[in-house]
Amino acid sequence: MDEAEAAIIRRIFREYISGRGIHLIAAGLNGDGVKPRRAAFWRGETIYKMINNPVYTGLLRYGLSALTTKAQRKHLGKFRVFFDEPRYASVEGAVPVIIPREEWERAQRVRETRGATHGTRARGADFLLTGIATCRCGATVRGDARKGSKRYYRCANHKLRWVMGCDCGLMSATMLEEAVLGRVRAALEPSSRELLIASWREDTSRQAAETTGEMERLRGELAQVERSQARVTSDYRKGDLPARIFAGEIDRLDREAERLRGALAGLAKEVKRLEAADWTVADLEEMAAKLDAWEWLSPEERKQLLRHFVARCVVYRERSGRGVGKENGNPVEVELELRKVGG
């Protein structure tokens with residue numbers, strides 16, 4: 001066992017279990033000058049593969065993967081293929097134990113709880129706006145920690161910008177997160193609360209009117225289906241319609257009528273909910289109180305709080321310069337819509 005490398009592995013598992021994301025762990029190692037064995041610097045995806053590897057518990061999986069031939073690569077598009085059991089052998093105690101089994105399993109539970117697909121998408125708690133913010137072009141905005149220890153957000157369409165027509169550049173994660181948080185705080189300021197409540201009431205009234213209009217349209221469709229049912233039944237009784245055709249047609253109409261009645265019942269509940277919805281300044285005071293505890297929250301708790309508050313978040317920063325995602329002085333644009341209390 002290489003004790004120096006074993007200490008790094010223990011540090012990675014300890015920080016991951018304590019709540020740090022893979023990209024923050026990588027940034028911390030890079031910031032401390034710790035070098036990985038086969039690369040210039042640590043990446044989040046490397047950390048994720050280590051967290052998911054049971055070899056540190058002393059378990060060796062022999063024959064788990066194999067390099068592909070040139071012909072296989074052309075067909076599969078892969079340099080390496082992985083096999084399922086029992087194609088490979090699992091040997092307990094074949095290598096030294098660095099991480100106790102219970103600690104490794106705890107790390108797996110943390111990974112499953114986060115429900116994140118780690119890697120270049122950086123969906124962990126390190127990036128508070130991943131899964132919340134979108135670009136102006138409609139694509140998602142993803143975290144990117146591949147430039148040393150700095151964190152950025154970028155549009156998911158950045159590689160297809162010539163096709164998609166999106167000219168969004170890199171956005172500093174710290175700057176963007178502070179801008180969004182500032183917008184949330186400003187909306188919950190005492191001087192803004194009455195205006196926010198009036199906006200919510202107006203929006204809810206509009207939604208109720210639109211839902212009522214949709215119900216009227218569905219009622220018209222249902223009346224037309226019911227008339228068709230009566231006509232088909234009349235034709236069958238008069239002997240103008242064969243039994244086989246009647247059975248198929250009446251079954252189709254019955255299913256369509258059932259679908260429309262179900263949709264109407266759902267819309268009626270929605271109208272009732274919208275008409276009963278109302279908000280007070282006290283509701284917004286409660287939201288602001290939750291935000292006051294921001295400094296004491298973990299990254300994951302902060303992300304959950306933003307998910308609870310933000311209904312829509314559109315961000316954009318115009319690209320400039322010739323470098324890919326080159327940082328520049330262009331301002332970050334943020335469009336924010338708060339989620340209604342109880343919505």
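I started with strand pairing: two strands count as paired if DSSP finds at least two bridges between them. Strands themselves are DSSP runs (E, at least two residues), helices are runs of H or I with at least four, and both get numbers from the N terminus.

**Ground rules.** I'm looking at a predicted model, where local features need pLDDT of at least 70, side-chain atom pairs count only at pLDDT 80 or more, and totals for chains, interfaces and linings use all residues. Residues are numbered from 1 along each chain as its sequence is written, and side-chain values use heavy atoms, with hydrogens and water left out.

**The sheet.** I found an open sheet of three strands in the order β6-β7-β8, paired antiparallel. Its edge strands, β6 (141-144) and β8 (171-172), each pair on one side only. I then checked β7 against β8: two bridges join these antiparallel strands. Y152 has S172 in β8 as its bridge partner.

**Aromatic pairs.** How many aromatic pairs does the structure hold? I got three. Rings of Phe, Tyr and Trp (its six-membered ring) pair if their centres lie within 6.5 Å; planes under 30 degrees apart are stacked, over 60 edge-to-face, and the rest tilted.

F13 and Y56 are edge-to-face, because their planes stand at 75°, with ring centres 6.1 Å apart. This pair links distant parts of the chain: F13 is in helix α1 (residues 3-17), while Y56 is in the loop between α3 (44-51) and β1 (59-62), 43 residues away. Are they buried or exposed? F13 is buried at a relative accessible area of 0%, and Y56 also counts as buried at 14%. My cut-offs here: buried is under 20% relative accessible area, exposed is over 50%, and partly exposed is in between (1.4 Å probe, protein chains only).

F127 and Y153 have ring centres 5.4 Å apart and planes at 80°, so I noted edge-to-face again. They too link distant parts of the chain, 26 residues apart: F127 is in the loop between α5 (101-114) and β5 (133-135), and Y153 is in strand β7 (residues 152-155). Both are buried.

**Charges over rings.** I used this test: NZ of Lys or CZ of Arg within 6 Å of the ring centre and within 35 degrees of the ring normal. The charged end of R151 sits over the ring of F127, 5.3 Å from the centre. R136 has its charged end over the ring of Y316, 3.7 Å from the centre.

**One more residue.** V91 is partly exposed, with a relative accessible area of 37%.
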